Amino acid sequence: MPRANPLFVCRVCGGETLKWQGQCPHYGEWNSLSPAASGRRPAIAAAASALHDAPPPEAARFSTGHTELDRVIGGGMVPGSVLLLGGDPGIGKSTLLLQVAAAVAAGGRGVVYASGEESVTQVALRARRLGLAGDGLVAAAETDLDAILGLAREREARLLVVDSIQTVQLPSVAASPGGVTQLRECTAQLVRFAKTGDVAVMIVGHVTKEGAIAGPRVLEHLVDTVLYFESDTGSRFRIVRATKNRFGAVNELAFFAMSDQGLKEVRNPSAIFLARAPEAAPGSIVLVTRDGGRPLLVELQALVDRMRHGTPRRIAQGLDVNRLAMLLAVLSRHAGLSLQEHDVFANVVGGLEIAETAWDLPALIALASSLRDQVLPSSLVAFGEVGLTGEVRPVAYGEERLREAQKQGFRTAVVPRDNVPRKPVEGLEIRGVARVSEALEAAFRKPG
Ligand code: TYD
Ligand code: MG
(Lines give C-alpha, C1' and ligand atoms only; values in the text may rest on other atoms or scores of the structure.)
(Ligands and ions follow the chains in the order given, each with its own letter.)
Protein backbone atom coordinates (compact mmCIF):
# COMPACT_ATOMS: atom_id res chain seq x y z
CA MET A 1 0.00 0.00 0.00
CA PRO A 2 1.45 3.41 -0.88
CA ARG A 3 2.26 5.58 2.07
CA ALA A 4 0.06 8.66 2.28
CA ASN A 5 2.08 11.82 1.84
CA PRO A 6 2.43 13.59 5.13
CA LEU A 7 1.40 17.22 5.21
CA PHE A 8 3.39 19.93 6.98
CA VAL A 9 1.79 22.94 8.56
CA CYS A 10 3.40 26.23 9.51
CA ARG A 11 2.54 27.13 13.06
CA VAL A 12 2.89 30.83 12.32
CA CYS A 13 0.88 31.37 9.18
CA GLY A 14 -0.97 28.05 8.98
CA GLY A 15 0.29 27.46 5.43
CA GLU A 16 0.68 23.89 4.22
CA THR A 17 3.45 22.14 2.28
CA LEU A 18 3.95 18.57 1.11
CA LYS A 19 7.66 18.58 1.90
CA TRP A 20 9.48 19.55 5.06
CA GLN A 21 11.59 22.68 4.62
CA GLY A 22 13.57 24.88 6.96
CA GLN A 23 11.61 27.91 5.86
CA CYS A 24 7.87 28.17 5.34
CA PRO A 25 7.32 28.87 1.61
CA HIS A 26 4.26 31.04 2.33
CA TYR A 27 5.49 33.91 4.49
CA GLY A 28 9.12 32.95 5.02
CA GLU A 29 9.03 32.01 8.69
CA TRP A 30 11.98 29.83 9.75
CA ASN A 31 11.73 26.46 11.55
CA SER A 32 8.00 26.69 11.80
CA LEU A 33 6.88 23.61 9.87
CA SER A 34 5.71 20.51 11.67
CA PRO A 35 3.80 17.43 10.51
CA ALA A 36 0.03 17.89 10.45
CA ALA A 37 -2.06 15.62 12.64
CA SER A 38 -2.83 12.50 10.61
CA GLY A 39 -6.05 12.53 8.72
CA ARG A 40 -6.17 16.29 8.84
CA ARG A 41 -6.73 17.46 5.34
CA PRO A 42 -7.34 21.11 4.60
CA ALA A 43 -10.93 21.85 5.51
CA ILE A 44 -10.95 24.77 3.20
CA ALA A 45 -10.08 22.96 0.00
CA ALA A 46 -13.64 21.95 -0.85
CA ALA A 47 -15.08 25.39 -0.36
CA ALA A 48 -12.22 27.12 -2.13
CA SER A 49 -12.33 24.96 -5.24
CA ALA A 50 -16.12 25.09 -5.45
CA LEU A 51 -15.84 28.80 -5.84
CA HIS A 52 -13.42 28.64 -8.73
CA ASP A 53 -16.08 26.80 -10.71
CA ALA A 54 -18.83 29.31 -10.18
CA PRO A 55 -19.04 31.91 -12.95
CA PRO A 56 -19.54 35.44 -11.71
CA PRO A 57 -23.23 36.19 -12.11
CA GLU A 58 -22.90 39.70 -13.53
CA ALA A 59 -26.58 40.53 -13.45
CA ALA A 60 -26.91 39.67 -9.79
CA ARG A 61 -24.30 42.18 -8.65
CA PHE A 62 -25.54 44.84 -6.29
CA SER A 63 -24.19 48.25 -5.42
CA THR A 64 -22.33 49.03 -2.21
CA GLY A 65 -23.83 52.50 -2.39
CA HIS A 66 -20.41 53.88 -3.29
CA THR A 67 -19.67 54.25 -6.98
CA GLU A 68 -15.91 54.22 -6.58
CA LEU A 69 -15.96 51.15 -4.37
CA ASP A 70 -18.27 49.38 -6.81
CA ARG A 71 -15.78 50.08 -9.57
CA VAL A 72 -12.84 48.75 -7.55
CA ILE A 73 -14.58 45.44 -6.89
CA GLY A 74 -15.48 45.03 -10.54
CA GLY A 75 -18.95 46.56 -10.74
CA GLY A 76 -20.62 45.89 -7.41
CA MET A 77 -20.83 43.05 -4.90
CA VAL A 78 -21.33 39.52 -6.20
CA PRO A 79 -23.83 37.45 -4.16
CA GLY A 80 -22.15 34.37 -2.72
CA SER A 81 -18.74 36.03 -2.76
CA VAL A 82 -16.48 36.85 0.15
CA LEU A 83 -14.60 40.11 0.42
CA LEU A 84 -11.82 40.82 2.87
CA LEU A 85 -11.06 44.41 3.85
CA GLY A 86 -7.66 44.75 5.48
CA GLY A 87 -5.99 47.76 7.01
CA ASP A 88 -4.39 49.28 10.08
CA PRO A 89 -6.53 49.72 13.17
CA GLY A 90 -8.30 53.09 13.13
CA ILE A 91 -8.00 53.66 9.39
CA GLY A 92 -11.76 53.51 8.78
CA LYS A 93 -12.71 49.90 8.02
CA SER A 94 -15.70 49.84 10.38
CA THR A 95 -16.81 53.23 9.16
CA LEU A 96 -16.75 52.19 5.51
CA LEU A 97 -18.49 48.86 6.04
CA LEU A 98 -21.16 50.40 8.23
CA GLN A 99 -21.82 52.92 5.45
CA VAL A 100 -21.98 50.07 2.94
CA ALA A 101 -24.24 48.01 5.21
CA ALA A 102 -26.66 50.91 5.63
CA ALA A 103 -26.71 51.67 1.90
CA VAL A 104 -27.37 48.04 0.97
CA ALA A 105 -30.09 47.80 3.62
CA ALA A 106 -31.66 51.01 2.35
CA GLY A 107 -31.82 49.37 -1.06
CA GLY A 108 -34.15 46.75 0.39
CA ARG A 109 -31.71 43.89 1.02
CA GLY A 110 -31.45 42.32 4.44
CA VAL A 111 -28.12 43.09 6.09
CA VAL A 112 -26.56 41.74 9.27
CA TYR A 113 -23.64 43.72 10.69
CA ALA A 114 -21.91 41.63 13.31
CA SER A 115 -19.44 43.48 15.47
CA GLY A 116 -17.17 41.74 17.90
CA GLU A 117 -15.41 44.99 18.67
CA GLU A 118 -18.20 47.35 19.59
CA SER A 119 -21.53 47.15 21.41
CA VAL A 120 -24.79 47.62 19.53
CA THR A 121 -25.13 51.02 21.19
CA GLN A 122 -21.72 52.08 19.88
CA VAL A 123 -22.62 50.90 16.38
CA ALA A 124 -25.93 52.73 16.58
CA LEU A 125 -24.23 55.90 17.78
CA ARG A 126 -21.78 55.74 14.94
CA ALA A 127 -24.59 55.14 12.45
CA ARG A 128 -26.40 58.20 13.79
CA ARG A 129 -23.24 60.29 13.60
CA LEU A 130 -22.84 59.20 10.00
CA GLY A 131 -26.43 60.18 9.29
CA LEU A 132 -27.37 56.64 8.32
CA ALA A 133 -31.01 55.64 8.59
CA GLY A 134 -30.28 52.00 9.30
CA ASP A 135 -33.68 50.66 8.21
CA GLY A 136 -33.43 46.94 7.52
CA LEU A 137 -29.99 46.82 9.09
CA VAL A 138 -29.55 44.34 11.92
CA ALA A 139 -26.58 45.02 14.16
CA ALA A 140 -25.33 42.41 16.59
CA ALA A 141 -22.53 42.52 19.12
CA GLU A 142 -21.51 38.90 18.82
CA THR A 143 -18.27 36.95 18.69
CA ASP A 144 -19.67 33.42 18.31
CA LEU A 145 -19.62 32.75 14.57
CA ASP A 146 -22.29 30.04 14.78
CA ALA A 147 -24.62 32.55 16.40
CA ILE A 148 -23.78 35.16 13.75
CA LEU A 149 -24.51 32.74 10.91
CA GLY A 150 -27.73 31.65 12.67
CA LEU A 151 -28.83 35.26 12.87
CA ALA A 152 -27.97 35.90 9.23
CA ARG A 153 -30.01 32.87 8.20
CA GLU A 154 -32.93 33.83 10.37
CA ARG A 155 -32.99 37.37 9.00
CA GLU A 156 -32.45 36.12 5.45
CA ALA A 157 -29.53 38.50 5.08
CA ARG A 158 -28.21 39.14 1.56
CA LEU A 159 -25.13 40.80 3.02
CA LEU A 160 -23.27 39.79 6.14
CA VAL A 161 -20.54 42.01 7.58
CA VAL A 162 -18.14 40.51 10.11
CA ASP A 163 -16.13 43.13 12.00
CA SER A 164 -13.55 41.82 12.65
CA ILE A 165 -12.39 38.31 11.80
CA GLN A 166 -9.89 38.57 14.67
CA THR A 167 -12.70 38.80 17.23
CA VAL A 168 -14.95 35.94 16.11
CA GLN A 169 -14.57 32.29 16.98
CA LEU A 170 -16.07 28.89 16.39
CA PRO A 171 -16.61 27.19 19.74
CA SER A 172 -16.04 23.82 18.06
CA VAL A 173 -12.50 24.81 17.19
CA ALA A 174 -10.23 24.47 20.17
CA ALA A 175 -8.07 27.51 19.57
CA SER A 176 -8.06 31.06 20.82
CA PRO A 177 -9.75 33.86 18.84
CA GLY A 178 -7.37 35.85 16.71
CA GLY A 179 -5.00 32.89 16.31
CA VAL A 180 -4.22 31.51 12.89
CA THR A 181 -6.32 28.37 13.37
CA GLN A 182 -9.43 30.29 14.38
CA LEU A 183 -8.90 32.87 11.64
CA ARG A 184 -8.67 30.21 8.98
CA GLU A 185 -11.49 28.03 10.24
CA CYS A 186 -13.84 31.00 10.71
CA THR A 187 -13.06 32.32 7.26
CA ALA A 188 -13.54 28.89 5.71
CA GLN A 189 -16.89 28.66 7.49
CA LEU A 190 -17.88 32.09 6.16
CA VAL A 191 -16.86 31.05 2.64
CA ARG A 192 -19.06 27.95 2.93
CA PHE A 193 -21.92 30.04 4.26
CA ALA A 194 -21.58 32.53 1.40
CA LYS A 195 -21.48 29.83 -1.28
CA THR A 196 -24.31 27.70 0.02
CA GLY A 197 -26.67 30.56 0.87
CA ASP A 198 -25.66 32.88 -1.99
CA VAL A 199 -25.00 35.59 0.58
CA ALA A 200 -22.38 38.26 0.08
CA VAL A 201 -19.94 38.39 2.99
CA MET A 202 -17.60 41.23 3.93
CA ILE A 203 -14.89 40.57 6.48
CA VAL A 204 -12.77 43.13 8.30
CA GLY A 205 -9.20 42.09 9.03
CA HIS A 206 -6.85 44.23 11.08
CA VAL A 207 -3.32 44.34 9.86
CA THR A 208 -1.20 43.54 12.89
CA LYS A 209 1.99 45.35 13.70
CA GLU A 210 4.12 42.22 13.41
CA GLY A 211 4.14 42.31 9.64
CA ALA A 212 0.59 41.06 9.18
CA ILE A 213 1.38 37.39 9.79
CA ALA A 214 -1.60 36.51 11.96
CA GLY A 215 -3.63 39.01 10.01
CA PRO A 216 -5.48 39.25 6.74
CA ARG A 217 -2.62 37.87 4.64
CA VAL A 218 -3.17 34.30 5.76
CA LEU A 219 -6.78 34.58 4.62
CA GLU A 220 -6.18 36.05 1.18
CA HIS A 221 -6.23 32.73 -0.62
CA LEU A 222 -9.57 31.76 0.95
CA VAL A 223 -11.62 34.72 -0.19
CA ASP A 224 -12.68 36.06 -3.59
CA THR A 225 -11.74 39.69 -3.20
CA VAL A 226 -9.10 41.36 -1.08
CA LEU A 227 -9.14 45.08 -0.49
CA TYR A 228 -6.58 47.03 1.48
CA PHE A 229 -7.11 50.38 3.07
CA GLU A 230 -4.02 52.57 2.77
CA SER A 231 -3.24 55.99 4.10
CA ASP A 232 -0.39 58.29 4.80
CA THR A 233 -0.12 58.97 8.52
CA GLY A 234 -1.92 62.15 9.41
CA SER A 235 -3.62 62.43 6.04
CA ARG A 236 -7.38 62.41 5.80
CA PHE A 237 -7.23 60.73 2.44
CA ARG A 238 -7.70 57.00 2.20
CA ILE A 239 -7.02 54.67 -0.69
CA VAL A 240 -8.83 51.37 -1.08
CA ARG A 241 -6.89 49.04 -3.35
CA ALA A 242 -7.98 45.68 -4.73
CA THR A 243 -5.04 43.30 -4.41
CA LYS A 244 -7.03 40.24 -5.40
CA ASN A 245 -10.28 39.96 -7.29
CA ARG A 246 -11.84 36.87 -8.80
CA PHE A 247 -14.55 39.03 -10.32
CA GLY A 248 -12.62 42.01 -11.61
CA ALA A 249 -9.27 43.65 -12.17
CA VAL A 250 -6.67 44.01 -9.46
CA ASN A 251 -4.89 47.18 -8.45
CA GLU A 252 -7.93 49.34 -9.02
CA LEU A 253 -8.06 52.22 -6.56
CA ALA A 254 -10.83 54.13 -4.87
CA PHE A 255 -10.08 57.36 -3.04
CA PHE A 256 -11.90 58.49 0.06
CA ALA A 257 -11.58 61.42 2.41
CA MET A 258 -12.38 60.98 6.11
CA SER A 259 -14.76 63.68 7.26
CA ASP A 260 -17.04 64.35 10.23
CA GLN A 261 -19.72 62.39 8.43
CA GLY A 262 -17.58 59.39 7.66
CA LEU A 263 -15.83 58.49 4.44
CA LYS A 264 -16.65 60.50 1.36
CA GLU A 265 -15.67 59.36 -2.10
CA VAL A 266 -13.20 61.53 -3.97
CA ARG A 267 -14.41 61.55 -7.56
CA ASN A 268 -11.53 63.48 -9.07
CA PRO A 269 -8.50 62.20 -7.22
CA SER A 270 -5.84 62.89 -9.81
CA ALA A 271 -4.47 65.89 -7.97
CA ILE A 272 -5.07 65.10 -4.29
CA PHE A 273 -1.41 64.42 -3.79
CA LEU A 274 -0.61 67.76 -5.27
CA ALA A 275 -0.65 70.12 -2.30
CA ARG A 276 2.20 72.33 -3.41
CA ALA A 277 3.66 75.27 -1.63
CA PRO A 278 2.57 78.55 -3.24
CA GLU A 279 6.19 79.51 -3.92
CA ALA A 280 7.95 77.27 -6.40
CA ALA A 281 11.23 75.93 -5.02
CA PRO A 282 14.29 74.39 -6.65
CA GLY A 283 14.12 70.60 -6.80
CA SER A 284 10.34 70.41 -7.08
CA ILE A 285 8.53 69.07 -10.14
CA VAL A 286 5.10 67.61 -10.89
CA LEU A 287 4.96 64.31 -12.69
CA VAL A 288 2.08 62.34 -14.15
CA THR A 289 2.16 58.81 -12.88
CA ARG A 290 -0.43 56.06 -13.16
CA ASP A 291 -1.82 54.00 -10.36
CA GLY A 292 -4.94 51.94 -10.11
CA GLY A 293 -5.72 52.39 -13.78
CA ARG A 294 -5.78 56.17 -13.74
CA PRO A 295 -3.42 59.10 -14.11
CA LEU A 296 -2.27 60.83 -10.95
CA LEU A 297 -0.38 64.06 -10.61
CA VAL A 298 2.18 64.03 -7.83
CA GLU A 299 4.95 66.28 -6.72
CA LEU A 300 8.45 64.88 -6.70
CA GLN A 301 11.13 66.63 -4.70
CA ALA A 302 14.85 66.25 -4.97
CA LEU A 303 17.47 67.70 -2.69
CA VAL A 304 21.12 67.70 -3.60
CA ASP A 305 23.52 68.76 -0.91
CA ARG A 306 27.32 68.85 -0.54
CA MET A 307 28.43 65.57 0.99
CA ARG A 308 29.18 65.82 4.71
CA HIS A 309 30.79 62.46 5.41
CA GLY A 310 32.88 59.82 3.67
CA THR A 311 30.34 58.23 1.33
CA PRO A 312 27.58 60.09 -0.47
CA ARG A 313 24.08 59.24 0.69
CA ARG A 314 21.25 58.25 -1.64
CA ILE A 315 17.88 58.26 0.05
CA ALA A 316 14.53 57.81 -1.65
CA GLN A 317 10.96 57.88 -0.33
CA GLY A 318 8.32 56.33 -2.56
CA LEU A 319 10.90 55.56 -5.24
CA ASP A 320 13.31 52.72 -5.88
CA VAL A 321 16.66 53.85 -4.51
CA ASN A 322 18.64 51.58 -6.87
CA ARG A 323 16.96 53.18 -9.83
CA LEU A 324 17.82 56.57 -8.38
CA ALA A 325 21.47 55.53 -8.26
CA MET A 326 21.26 54.47 -11.88
CA LEU A 327 19.75 57.83 -12.84
CA LEU A 328 22.60 59.62 -11.08
CA ALA A 329 25.05 57.73 -13.26
CA VAL A 330 23.08 58.68 -16.38
CA LEU A 331 23.01 62.31 -15.28
CA SER A 332 26.75 62.33 -14.81
CA ARG A 333 27.58 60.54 -18.03
CA HIS A 334 25.04 62.02 -20.40
CA ALA A 335 24.29 65.46 -19.00
CA GLY A 336 27.63 66.33 -17.45
CA LEU A 337 26.11 66.79 -13.98
CA SER A 338 28.14 64.81 -11.51
CA LEU A 339 26.72 64.24 -8.05
CA GLN A 340 29.52 62.06 -6.73
CA GLU A 341 30.39 64.66 -4.12
CA HIS A 342 26.78 65.15 -3.09
CA ASP A 343 24.20 63.61 -0.83
CA VAL A 344 21.00 63.01 -2.79
CA PHE A 345 17.47 62.80 -1.40
CA ALA A 346 14.32 62.18 -3.41
CA ASN A 347 10.78 62.13 -2.11
CA VAL A 348 7.30 61.60 -3.50
CA VAL A 349 4.99 64.00 -1.68
CA GLY A 350 1.85 62.53 -0.12
CA GLY A 351 3.22 59.13 0.78
CA LEU A 352 2.56 57.53 -2.59
CA GLU A 353 4.82 54.76 -3.88
CA ILE A 354 5.60 54.96 -7.58
CA ALA A 355 6.18 51.52 -9.02
CA GLU A 356 6.51 52.42 -12.71
CA THR A 357 9.42 53.99 -14.57
CA ALA A 358 7.74 57.24 -15.63
CA TRP A 359 9.41 59.08 -12.75
CA ASP A 360 12.89 58.75 -14.31
CA LEU A 361 12.75 61.87 -16.44
CA PRO A 362 11.09 64.14 -13.83
CA ALA A 363 13.59 62.92 -11.23
CA LEU A 364 16.53 63.90 -13.44
CA ILE A 365 15.02 67.32 -14.04
CA ALA A 366 14.36 67.81 -10.30
CA LEU A 367 17.93 66.78 -9.47
CA ALA A 368 19.31 69.27 -11.97
CA SER A 369 17.00 71.93 -10.58
CA SER A 370 18.24 71.36 -7.05
CA LEU A 371 21.88 71.20 -8.07
CA ARG A 372 21.67 74.44 -10.06
CA ASP A 373 19.41 76.02 -7.43
CA GLN A 374 17.16 76.98 -10.28
CA VAL A 375 13.37 76.93 -9.98
CA LEU A 376 11.30 75.11 -12.60
CA PRO A 377 8.15 76.78 -13.96
CA SER A 378 5.24 75.79 -11.70
CA SER A 379 3.07 75.08 -14.74
CA LEU A 380 5.46 72.35 -15.90
CA VAL A 381 4.85 68.61 -15.80
CA ALA A 382 7.00 65.73 -16.99
CA PHE A 383 7.07 61.98 -17.34
CA GLY A 384 9.21 59.44 -19.17
CA GLU A 385 11.59 56.57 -18.76
CA VAL A 386 15.34 57.03 -19.09
CA GLY A 387 17.74 54.42 -20.43
CA LEU A 388 21.39 53.82 -19.60
CA THR A 389 22.59 55.36 -22.84
CA GLY A 390 20.87 58.63 -22.00
CA GLU A 391 17.89 58.03 -24.24
CA VAL A 392 14.38 59.03 -23.18
CA ARG A 393 11.93 56.21 -23.71
CA PRO A 394 8.15 56.37 -24.03
CA VAL A 395 5.80 55.13 -21.32
CA ALA A 396 2.32 53.66 -21.66
CA TYR A 397 -0.79 55.87 -21.72
CA GLY A 398 1.11 58.99 -22.74
CA GLU A 399 -1.88 60.76 -24.23
CA GLU A 400 -4.05 60.04 -21.21
CA ARG A 401 -1.37 61.50 -18.95
CA LEU A 402 -1.10 64.61 -21.08
CA ARG A 403 -4.84 65.15 -21.06
CA GLU A 404 -4.96 64.84 -17.29
CA ALA A 405 -2.15 67.40 -16.94
CA GLN A 406 -4.03 69.77 -19.21
CA LYS A 407 -7.23 69.25 -17.21
CA GLN A 408 -5.39 70.21 -14.04
CA GLY A 409 -4.20 73.44 -15.62
CA PHE A 410 -0.60 72.65 -16.53
CA ARG A 411 0.78 74.54 -19.52
CA THR A 412 4.03 72.82 -20.49
CA ALA A 413 4.90 69.14 -20.62
CA VAL A 414 8.35 67.64 -21.13
CA VAL A 415 7.79 64.10 -22.36
CA PRO A 416 9.47 61.38 -24.44
CA ARG A 417 9.32 62.25 -28.14
CA ASP A 418 7.50 59.00 -28.86
CA ASN A 419 4.75 60.03 -26.46
CA VAL A 420 3.94 63.25 -28.33
CA PRO A 421 0.42 62.79 -29.72
CA ARG A 422 -0.35 63.52 -33.36
CA LYS A 423 -3.09 65.94 -32.43
CA PRO A 424 -2.16 68.85 -30.18
CA VAL A 425 -3.66 69.02 -26.69
CA GLU A 426 -5.29 72.42 -26.34
CA GLY A 427 -3.59 74.76 -23.91
CA LEU A 428 -0.65 72.45 -23.35
CA GLU A 429 2.72 73.00 -24.97
CA ILE A 430 4.22 69.54 -25.42
CA ARG A 431 8.00 69.36 -25.68
CA GLY A 432 9.06 65.97 -26.96
CA VAL A 433 12.62 64.95 -26.11
CA ALA A 434 14.77 62.00 -27.10
CA ARG A 435 17.89 62.58 -24.98
CA VAL A 436 18.50 63.52 -21.35
CA SER A 437 20.51 66.61 -22.26
CA GLU A 438 17.70 67.80 -24.51
CA ALA A 439 15.20 67.21 -21.70
CA LEU A 440 17.05 69.45 -19.27
CA GLU A 441 17.20 72.21 -21.83
CA ALA A 442 13.45 71.82 -22.55
CA ALA A 443 12.51 71.86 -18.87
CA PHE A 444 14.34 75.07 -18.01
CA ARG A 445 13.31 76.94 -21.15
CA LYS A 446 10.67 79.62 -20.41
CA PRO A 447 7.09 78.83 -21.50
CA GLY A 448 5.94 80.23 -24.82
P1 TYD B 1 -12.83 53.09 12.25
O2 TYD B 1 -13.79 52.91 11.14
O3 TYD B 1 -13.33 52.78 13.62
O4 TYD B 1 -11.47 52.31 11.99
P5 TYD B 1 -11.16 50.75 11.95
O6 TYD B 1 -12.44 50.03 11.97
O7 TYD B 1 -10.37 50.57 10.70
O8 TYD B 1 -10.33 50.47 13.15
O9 TYD B 1 -12.35 54.60 12.16
C10 TYD B 1 -11.87 55.21 13.26
C11 TYD B 1 -11.33 56.58 13.01
O12 TYD B 1 -12.08 57.35 12.10
C13 TYD B 1 -11.37 57.30 14.32
O14 TYD B 1 -10.08 57.82 14.54
C15 TYD B 1 -12.38 58.37 14.17
C16 TYD B 1 -12.44 58.59 12.68
N17 TYD B 1 -13.79 58.98 12.22
C18 TYD B 1 -13.97 60.22 11.65
O19 TYD B 1 -13.05 61.02 11.53
N20 TYD B 1 -15.22 60.56 11.19
C21 TYD B 1 -16.28 59.72 11.32
O22 TYD B 1 -17.40 60.08 10.88
C23 TYD B 1 -16.07 58.45 11.93
C24 TYD B 1 -17.19 57.48 12.09
C25 TYD B 1 -14.81 58.10 12.35
MG1 MG C 1 -13.22 48.90 13.58
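Me: What makes the meeting of the E391 and R393 side chains a salt bridge?

Reply: In this predicted model, the side chains of E391 and R393 come together at 3.1 Å, N to O. The cut-off is a Lys or Arg side-chain nitrogen within 4 Å of an Asp or Glu carboxyl oxygen, so the pair counts as a salt bridge.

Me: And why is R393 called partly exposed?

Reply: Its relative accessible area is 38%. Buried would need under 20% and exposed over 50%, so R393 falls in between.

Me: How many salt bridges does a search of the whole structure find?

Reply: It finds 20. One of them joins R71 and E252, with the closest N and O atoms 2.8 Å apart.

Me: What parts does the pair of R71 and E252 tie together?

Reply: R71 sits in helix α2 (residues 67-72), while E252 is in the loop between β10 (237-245) and β11 (253-259), so the bridge ties together parts that are 181 residues apart in sequence. Salt bridges with shared partners also join E68, R71, E252 and R294 into one network.

Me: Is R71 buried, partly exposed or exposed, and how do you know?

Reply: Partly exposed: R71 has 32% relative accessibility, and the in-between class runs from 20% to 50%.

Me: How do you know that E400 and R290 form a salt bridge?

Reply: Their closest N and O atoms are 2.3 Å apart, and the limit is 4 Å. This pair links distant parts of the chain: E400 belongs to helix α9 (residues 398-407) and R290 to strand β13 (residues 284-291), 110 residues apart.

Me: Why do E400 and R290 get the labels they do?

Reply: R290 has 18% relative accessibility, and under 20% means buried, so R290 is buried. E400 has 28%, so E400 counts as partly exposed.

Me: What about the domains: which residues does each one cover?

Reply: The assignment gives domain 1 (1-38), domain 2 (61-267) and domain 3 (272-444). The C-alpha centres of domain 1 and domain 2 are 30 Å apart.

Key
Residues are numbered from 1 along each chain as its sequence is written. Chains are lettered from A and ligands numbered from 1 in the order in which they are written. This is a predicted model: local features need pLDDT of at least 70, side-chain atom pairs count only at pLDDT 80 or more; totals for chains, interfaces and linings use all residues. Side-chain values use heavy atoms; hydrogens and water are left out. Helices (H or I, at least four residues) and strands (E, at least two) are DSSP runs, numbered from the N terminus. Buried means under 20% relative accessible area, exposed over 50%, partly exposed in between (1.4 Å probe, protein chains only). Domain bounds come from an automatic or database domain assignment.
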